[in-house]
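Here's a quick tour for anyone meeting this structure for the first time. Have a look at the model, then read on.

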Amino acid sequence: MYVRLDLDQPYSSYRSFVKRAKAQGIEIHAMGGHPIWGKKENRPRIKRLIDYVKNYNAESEPDERFEGIHLDIEPYTLPEWENSRDTLLIEWAANITFFQEETKKDSDLETSADLAVWLDSFALPGKDTSVAEFMIRTLDHVSLMAFRNNAEGSNGIAAVVSQEMEIADRLEKG
């Protein structure tokens, strides 16, 4: 389960919820993000989330700790997606790399992010890979956003996530 954090709240705001959820066998990941987090200038916001979760876990009992950090960035909703897409993709990828590296420093927290299923059709500028493959390769896992009501059919969930599933299988992320 992803829990969106308010970083202005004390750690005590989350402890009992995380503890109760874990007692029910539910894995809890802290979540944060905003479309502007895809821009380099907003990297400190990612760092603030990472620091909050690491400090929270350090000051919490094992059964109160988050298992990972999940980002919901979606920079393709920004106006500059149309005119400065390559720059935005490069900065977003750099921020995801930063997120992965910073989170893994002195921690075993998992890293994950939301991934629109159509991002497999966009190449990452300057790299020989799609945005989807970069994200799947870099992070521990991704949540595929298919936005469908049906699993079957040519436009069903199974069909629209098939390329991402093939990438994950090839990268042994399965």
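## An exposed loop residue

Asp-106 counts as exposed, at 83% relative accessibility (exposed is over 50% relative accessible area, buried is under 20%, and partly exposed is in between, with a 1.4 Å probe and protein chains only). Asp-106 sits in the loop between α4 (85-104) and β4 (110-116), and its phi is near 55 degrees, a positive value in a residue other than glycine. Helices (H or I, at least four residues) and strands (E, at least two) are DSSP runs, numbered from the N terminus.

A word on the source: this is a predicted model, where local features need pLDDT of at least 70 and side-chain atom pairs count only at pLDDT 80 or more, while totals for chains, interfaces and linings use all residues. Residues are numbered from 1 along each chain as its sequence is written, and side-chain values use heavy atoms, leaving out hydrogens and water.

Now for α1 (12-23). Tyr-14, Arg-15, Val-18 and Ala-21 are its buried residues. Seen down the axis of α1, they fall within an arc of 145 degrees, so they line one face of the helix (the arc is that of the directions from the helix axis to the C-beta atoms). Their cover includes β1 (2-4) and α2. Over on the other side of α1, Ser-12, Arg-20 and Ala-23 are exposed.

Just after α1 comes Gly-25, with a positive phi of about 85 degrees.

## Around Phe-66

What does Phe-66 touch, leaving aside its neighbours within four places in sequence? Its contacts (heavy atoms within 4.5 Å) include Leu-5, Tyr-14, Val-18 and Leu-109.
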